[in-house]
Amino acid sequence: MKKFCVSFFVLFLISCSQDSVQSEVAVKKFNWSMVTTWPKNYPGLGMAPERFSKMVNEMSQGQLKITVYGAGEFVPAMGVFDAVSSGSVEMGHGGAYYWKGKVPAAQFFAGVPFGFTADEINAWVYRGGGLELWEEIYQPFNIKPLPGGNTGTQMFGWFNKEINSLADLKGLKMRFPGFGGEVFKRAGGTPVNIPGGELYTAMQTGTIDAVEWVGPYNDLAFGFQQVAKYYYYPGWHEPGSMLEFMINIDEWNGLPPHLQKIVEVAAKAVNQDLLDEYTASNNRALQELINTHDVQLRRLPDDVINEFRAISDDILTSSAENDADVKKVYESFKKFMGEVRSFNAIAEDAFVEARNLSEE
Ligand code: CA
């Protein structure tokens, strides 16, 4: 009996080890590359794709490994879209308004002046038909988009002079991407789009006179307090900018369904996580900028904000007249904005107003 049991146990072990060998052979592993528009490991923006990659690796038990590259390590920051489109890499991470030269309608999926807050753009993209439109406009480029984080409401930016009227913007060369840059141009300034990692030097050498980037947490990390004196708010041009993951559609189609689901769920988690990181970090950084670095915080005058708003409406309307995709996306944006704005006016807006009353 004892002998029988031992032989049975040995057979059982052999059978187990054969099973595990067979299942390892059956699992196909994927090694992907993701290029980004951010410096490697940059706080917030650059860490979001790193966290995504870690999450996907853990959830897939190593079946999908994604190596993240900073701007310039594999392709330049502004080459990310093309690299994913051509299939030279499987994935990218950036901001959709960087590709406005190729896809003007993409700008809505980063954000437009006087547009959606973070909550609102999430609701539009995930629950209001936004993602379907985004997929439609990226499809000709063989790219599948997914939301990839949100900065929350940004700052207007850094200046070395006070801005009291639009006349003060005349002749100013400012880093300013997206529709916001077009508004700035119409207001008399000169917008340029320079990747984040090159902005400090551009300010230091006088290549640009002013810079908008993100908000206190990111701006402190780049050291803009050393090259500019005035820090202006509100960020009328980027009220809740969404970041993006880009996936080459052929590579996406080659993933088994469970890995596709892992990618979608991890992207959604990172989309919220990055916003939480900004919400938790911005005020601490702002206090450091003001108290340690003597940065002069300034609010844009109301009449300047209103002028920016009028120009923004005009630019969005004329862009829609000139481009069928912009028109389609703008109509969806406007419809959803109408739906969320009316309720927000009596819900979150009214509450925040009430909360601030008690602090005055
Ligand atoms: Ca910005």
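Is lysine 102 buried, partly exposed or exposed? With 40% relative accessibility, lysine 102 counts as partly exposed (buried is under 20% relative accessible area, exposed over 50%, partly exposed in between, using a 1.4 Å probe and protein chains only). Aspartate 82 is also partly exposed, at 38%, and forms a salt bridge with lysine 102, with the closest N and O atoms 3.5 Å apart (a side-chain nitrogen of Lys or Arg within 4 Å of a carboxyl oxygen of Asp or Glu).

A quick word on the model: it's predicted, so local features need pLDDT of at least 70 and side-chain atom pairs count only at pLDDT 80 or more, while totals for chains, interfaces and linings use all residues. Residues are numbered from 1 along each chain as its sequence is written, and side-chain values use heavy atoms, leaving out hydrogens and water.

**The calcium site**

The calcium ion is held by Gln154, Glu212, Trp213 and Glu238, at 2.2 to 2.7 Å (donors are N, O and S atoms within 2.8 Å of the metal, or 3.2 Å for Na, K and Ca; water is not among the atoms, so sites may look incomplete). Trp213 takes part through its O atom.

Glutamate 212 and glutamate 238 are both buried. Glutamate 212 also forms a salt bridge with arginine 175, with N and O atoms as close as 2.5 Å. Arginine 175 is buried too, at 0% relative accessibility.

**Other salt bridges**

The whole structure has 16 salt bridges. One of them joins glutamate 162 to arginine 298 at 3.3 Å, N to O. Here glutamate 162 is partly exposed at 34%, and arginine 298 is partly exposed at 22%.
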